[in-house]
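Hello,

Here is the structure I promised to pass on to you. Have a look at it first, and then read on for my notes.

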Amino acid sequence: TAHGECLPQWRVSDSAFTCVPTRGAPWLEAEELEGIEESLAMMDAAWPFDGIMGFSQGAMLGAVVCGRGVKGGSRRPSVAIIAGAAWPTARGDDVNRLRKVEWAAAEAEDVAVPEAVAALVPPPPPLVTSVHTVGALDAMNPPVQARRGAEAFG
């Protein structure tokens with residue numbers, strides 16, 4: 001390939017929508033996120049894209065997009081950079097979709113896999129390859145919440 005053909009093309013979303021939690025609660029505590037459906041529709045309209053990157057509230061939206069999928073849920077970005085996120089309580093079920101079906105079912109049924117078996121079977125690749133930044137002193141998005149989000153990615 002010619003020089004430069006493999007360089008990424010960045011698209012920055014410039015949404016007129018602001019996702020705000022209802023009743024003044026931060027995203028990690030909100031029961032409902034006003035404006036998120038419009039933001040998700042914007043992500044659907046932007047498809048196809050290879051990856052998603054977000055910071056703080058945008059990172060939580062990125063995690064929801066990765067878990068929910070785009071265009072009906074069957075497509076996901078292949079990579080995600082999630083920086084300074086917390087667990088988006090109102091849309092946590094969407095993020096949990098990143099877990100493999102078998103693992104989620106085993107976890108729901110509280111089934112333990114014997115260590116001898118687990119050592120022989122490599123874990124499946126994640127649905128979305130991701131990198132997460134966790135601020136140990138982040139007062140807005142507690143580290144335990146950021147780690148919970150990262151764990152959902154696998």
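Helices and strands here are DSSP runs, numbered from the N terminus; a helix has at least four residues and a strand at least two. Please keep in mind that this is a predicted model.

Let me start with the loops. The loop between β3 and α2 holds serine 56. Serine 56 has a positive phi, near 55 degrees, although the residue is not a glycine. Is serine 56 buried or exposed? Its relative accessibility is 18%, and buried means under 20%, so serine 56 counts as buried.

Next, the inside. The largest nonpolar core has 25 residues, and those touching the most other members are Val65, Cys66, Ala80, Val95 and Phe153. At least two residues of this core come from each of α1 (36–46), α2, β4 and α6, with α2 giving the largest share, seven residues. In general, nonpolar side chains in soluble globular proteins tend to be buried together.

Helix α6 (residues 143–153) deserves a look of its own. Its buried residues include Pro143, Ala146, Ala150 and Phe153, and the buried residues of this helix pack against α2 (57–68), β4 (79–83), α3 (92–96) and β5 (129–133). After α6 comes glycine 154, with a positive phi near 105 degrees.Finally, the charged pairs. The structure has four salt bridges. In one of them, the side chains of arginine 68 and aspartate 44 meet at 2.9 Å, N to O. This pair links distant parts of the chain, with arginine 68 in helix α2 and aspartate 44 in helix α1, 24 residues apart. Both arginine 68 and aspartate 44 are buried.

Aspartate 94 takes part in two further salt bridges: with arginine 91 at 2.6 Å, N to O, and with arginine 97 at 3.5 Å, N to O. Through shared partners, salt bridges join Glu37, Arg91, Asp94 and Arg97 into one network. Aspartate 94 is buried at 8% relative accessibility, and arginine 91 is buried at 17%, whereas arginine 97 is partly exposed at 47%.

Enjoy exploring, and write back with any questions.

Best wishes

Methods: Residues numbered from 1 in each chain as written. Predicted model: local features only at pLDDT ≥ 70, side-chain atom pairs only at ≥ 80, totals over all residues. Heavy atoms only, no water. Buried < 20%, exposed > 50% of the residue type's maximum accessible area, 1.4 Å probe, protein only. Contact = heavy atoms within 4.5 Å. Core = buried A, V, L, I, M, F, W, Y, C linked by side-chain atoms within 4.5 Å.
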